[in-house]
Structures are given as C-alpha cells and as structure tokens.
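Q: I would like to learn how to read a predicted structure, one feature at a time. Could you walk me through it?

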Amino acid sequence: MGRYGPTEPSPAPLPDRNAVTDSNAPEADGSVAADPSADLIAARRQKLRFLRQELEIDPYGGRVEGLSSLARARNAFDADAHEAFDADPEGEDRRPRMLVSGRVMQHRDMGKLVFMTLRDHTGDLQVSVSKAQCEAGMFRLAKKLDYGDVVVAGGPMGQTKRGETCVWADRVEIHAKSLVPPPEKWHGLSDPEIRFRRRYVDLHANPDAIRTLQDRSRIISRMRAFMERRDFLEVETPMMQPMAGGAAARPFVTHHNTLDLDLSLRIAPELYLKRLMVGGLPRVFEINRNFRNEGVDRTHNPEFTAMEVYEAFGDCWSMLELTESLLHELAVASASDRRARGDEEVGGTDEAPVIPFDDIPVNWARPFVQVSYSDLFLEATGVDLRDEEGVRAKGLELGIGDAATRDHWLLVNVIFEEVAEALIDPARPTFVTGYPSAISPLTRPVPEDPDFCERWDVFVAGMEVGPSYTELNDPEIQQAKFAEQLQGADDEDQAFRTLDEDFLEALRVGMPPAGGLGLGVDRIVMLLTGQRTIREVIAFPLMRPEGSGGE
C-alpha cells in the first residue's frame, strides 16, 4: 500500500499538554508522582505504531528532491496570481508551487482544515491543508502530526482568509517522527543550562540561536575573504604538539600510545606559523581551534577559535592597519545584515555603524582610538610604571598577595589588568600600545627604550579582542627572553611555560622581520551579534557535568 493508507480509527488522544504538573510533587500517600512526560512519550510512540501499522507510512522518510527554504517559498508568493485564483478557482492556477520542509512548531486541527506552522533555518511559514484538496490519507496524516515532527509539504503559495501567506498543501509527508515532547510547547527554552545541553532543541526552539550561528559563519567567511584579498595564504598547523608554546597557558595533555609520546593540544599556533615564515612563506594566516586547560566564564571557553596572522617584513603597525580595516569591514557588513532583517538596535551610519553590546553602544567608526600602556597605568595608579618602589606599594595597597616579591614587570601587568584596563572607553575600539618587554617574550623591544616592546592589544566593550607584535627574530635575544620569563614566573606559571629549543633552532636558520597578530574569533562574533556570553556563539560549549552546580 502507498505512503498514505486507508482511513482507520485514530489512536487515543494525547494527554493535555497544557496541564501543569510538578513531576516531583508527592502524592497524598507520600509517594512521588510519575513523570508527566512519560505519558506524552507513550502517546507519541502509539502514534508511531499507528503510522507504521495502520497507514503503512515510513515515519523516518528518505531523500526528497526540489526542496526550497521557507523564506524562499514565502518570497515566491504572487499576490496577483492569488487574487486571480480567488476570483476564478476553476480557471488556470498561476500560483507558484513550492515544496518545503520544516519542523512543526504549531498545529491546529479545525475539522476539515489543518493549519500548522513549520520552521527551518530561514524562519517560519504556515502550511494549510484542506480535506477537499488532498488525498484522504494525507489529510489524516496531517491531522495526526505532533509538535516537533519533521514534515515535507508541497502545493501552491497562497493566503488564508486572514491574509496569512501559506502553502496550500496537496502533498504532506512525515520524515522524522518526534518522540520527545517539546519544551514549553515549543515557545522556546529559557533555562540556559538546558539550552546549551540540548543545543539540538535550542536551535529550533529559539530562532535567535540559529541566527547567531549563521552570523558566525558569515563573519568567519568574511575574515577569510579579507585575508585572501590581502594575499595571505591560509595554512594548517599541528593541533597536537610535543611542546605547547606560543602563549603562557596551561595545556591539555594526552599520550600517543604507539610512539609512547606525551603530547599537548595546542594553546596557540604561533611557533609553527613562524617556522613557515622561516621556510619561505611570507604571508600566512590560520583560523584555528586552540585549547587551554583553564577557567570557564562569559568570555572564556577551554576550546576556542582564533585567527593568527604573520607577515614577513611587516611590524605591529602594519598589523594595526590590517586589524582596523578588518574589524571595520566586519562591523559594516554585520550592521548591514542586521538592518536588512529589521534590527532597529543597530544605529550610526553605513560607514560608522553603532552596534550595541551588553548595553554599550559600540561605535565602529574609523579611526579607532590609540592610547599607550604607560599613560593608562599612570592615570589609573598615579605611579610611573618604572618606579619599582611605587609599583610595589600600589600592589600591596590593592591586596596583591605576592606584591613584595613578584617580578617588577609582572607585577606591573597584574596591576594594569586590575585597575588600568577599566579606563579604556568601552564604546570605542581601542588599541593599547607599548607593552613592557618582560611580559612579551616573543616581541621585538623598542630600539630607543628596550623596557618596552612593539606590541599592542585591541579592546572593545571591555574585552581584549587580540594582541599584535613586531616579532622578535634574533635567536640570542629570544633565548634570553624565554629564560627571563621563566625566571620571573612563580612555580605554577613555570609548570606551563616552556623554552622551545626547536623553535630557537628555526630562528637560527633565519626568520625575516615580521608583524604578527592574534584575534579572538569568538569574541568578535559576540561583539557583532550582541551576544553577552561566549556560549551563545559556540555551537556546543563545554558544560560542567549535570548536577555539579554553577554556570
């Protein structure tokens, strides 16, 4: 028998999904009530059996050709053709026919009419099914669909009597029967823990969630296109490394059984990208996944995406121009996308968009702000950062535990991060320039003042988005800088700071002068989409085990 079987008695009605029940509430006899979702699941399984046994339908479908997105179908609606058909239903039907698929988000059985709202990655669209216009089996199937079922529907594009654009379906198929009752009747998940643990539900229950991931994909594509227009070559470097380098961060460690070799997941690709420059590739970039065995908060995830860039015969100032151009271009394009879909929160002009982030109206107009590290430190503390005695006194005043013994420049940076970064205007992208050399061991010192180096960090809305350096390519100075950083670190820091002898050997072969850059892709996506937490812009963020508490 075909996909739509003969008319048969319908299965028992579903339990009232509007009933509110506390699954943990005790009964009168003191026992715990049964989970109400069990009845809903049982009812759905009964429908599954009905589809297979009575209607002889495969409820998990197969390949379908010629599908259009719901947005494309909606845009195909032809008002003139609809009015002509309405005036003369017996005449030629010029209404465009569309075949669509989606998940059932609303379902209303009106007797001889069934209305359902489908949702896909482009939005929602109503499908209307009339008993008079489709096979009996199809209509019976349409009446038995549940919230969450994945269906295919086809027919002419028209409107309901209320003016709602819809597909007047004469073809209805089920291609995935949902056996799990929807959360909050598909009106969207609200508990963040449930949302991120059941991301596959969150994405279709909350349209903003899937839109954010779509925006992320566009942003990364634009980053890649920008770099290629600048004649940079995209490369891939090892994600498992014998020695984690390129940053001061605690790595994840694994073991290769066959080689009996301890390996680290990379914390940064920097040293390998520089090896490629030694090998003769002058302009390279990598959009990469990095892994750091550290904390989780609203701006940090242990697995994150970054873009690192190296340009032979460039410096941090050529990287500054590149970064400002890139971020401005991304902001302009993202603002245009958001305006096109009716987002009224985006302000400013086409070339100077203002995109809100965490209640901060970030103005992406060029040029970005530039301010020196030393000036910010002095403004925040009233102390010149070369004044060792004054710096230690300020550290003690701020309650920094090892302020009396910590290396001077490392203490300077702790104080800077604690009090000076807060002075940066969060509403303007800002380059902080001239960092101390001692905290930047891979960076070329300023020739006239070697206490400082050719480095900047860019901050937006209170977040560090990424640093840039004029790369150090003198192997002897590099070795001394590695040793200096290790000497100044405490025992915990020394556990995950390394001196990479193979990288030093590569420098001895000869690396051209270069500018280097690292940008946090996840944070850029947060800023341009207005998402307050990094978990919103990652498809599957790391979560604590269920029941452990905390975020």
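**Cysteines and cover**

Q: Is Cys316 buried or exposed in this model?
A: Cys316 is buried, with a relative accessible area of 0%. The word "buried" means under 20% relative accessible area, "exposed" means over 50%, and "partly exposed" lies in between, with a 1.4 Å probe and protein chains only. Before we go on, please note that this is a predicted model, where local features need pLDDT of at least 70, side-chain atom pairs count only at pLDDT 80 or more, and totals for chains, interfaces and linings use all residues. Residues are numbered from 1 along each chain as its sequence is written, and side-chain values use heavy atoms, leaving out hydrogens and water.

Q: How many disulfides does the chain have?
A: A disulfide is a covalent bond between the sulfur atoms of two cysteines. The rule here asks for a pair of cysteine sulfur atoms within 2.5 Å, and by this rule the count is zero. Cys316, for instance, is in no disulfide: the nearest cysteine sulfur belongs to Cys453 and lies 8.3 Å away. Another cysteine, Cys134, also counts as buried, at 14% relative accessibility.

**The whole chain**

Q: How many helices and strands are there?
A: Both are DSSP runs numbered from the N terminus: helices are H or I with at least four residues, strands are E with at least two. This chain has 16 helices and 22 strands.

Q: What share of the chain is buried, and what is its accessible surface?
A: Of the chain's 551 residues, 48% count as buried. Areas come from the Shrake-Rupley method with a 1.4 Å probe, and for residues the cover is just the protein chains shown. The accessible surface of the chain is about 26300 Å², with 49% of that belonging to carbon and sulfur atoms.

Q: What do contacts tell me about the chain?
A: A contact means heavy atoms within 4.5 Å. Take contacts between residues at least 6 apart in sequence: 65% of them join residues at least 24 apart.

**Strand E4 and its partners**

Q: Which strands pair with E4?
A: Two strands pair if DSSP finds at least two bridges between them. Strand E1 (residues 97-109) runs antiparallel to E4 and is joined to E4 by seven bridges. Strand E6 (residues 171-176) is also antiparallel to E4, over five bridges, and strand E5 (residues 165-169) is joined to E4 in the antiparallel sense by three. Val152 in E4 is a handy place to look: its bridge partner is Ser101, and it also stands opposite Glu173 in E6. Toward E5, Met157 faces Val167.

Q: What lies between E4 and E5?
A: The two strands form a hairpin with five residues between them, and Gly163 in the turn has a positive phi of about 85°. E4 itself (residues 150-159) is mostly covered, with eight of its ten residues buried.

**An open sheet with a helix on it**

Q: What is the strand order in the sheet of eight strands?
A: This open sheet has mixed pairing and reads E7-E11-E12-E22-E21-E20-E17-E16. Strands E7 (233-234) and E16 (369-372) stand at the edges with a single partner each, so one side of each is left without a neighbour in the sheet. Helix H9 (residues 316-340) packs on the sheet and touches strands E12 (303-312), E16, E17, E20, E21 (463-470) and E22 (514-520), its direction making about 35° with that of E22. For such angles, axes are lines fitted to C-alpha atoms, for helices over the stretch in contact, and angles run from 0 to 180 degrees between N-to-C directions.

Q: Which residues of H15 are buried?
A: In helix H15 (residues 501-509), Phe503, Leu504, Ala506 and Leu507 are buried. They span an arc of only 155° around the axis, which means that they lie on the same side of H15. That arc is taken from the directions from the helix axis to the C-beta atoms.

Q: Where is Glu536, and what does it touch?
A: Glu536 sits in the segment after helix H16 (521-529). It is buried, at 16% relative accessible area. Leaving out residues up to four places away in sequence, Glu536 touches Arg195, Phe196, Arg199, Thr212, Leu213 and Gln531.
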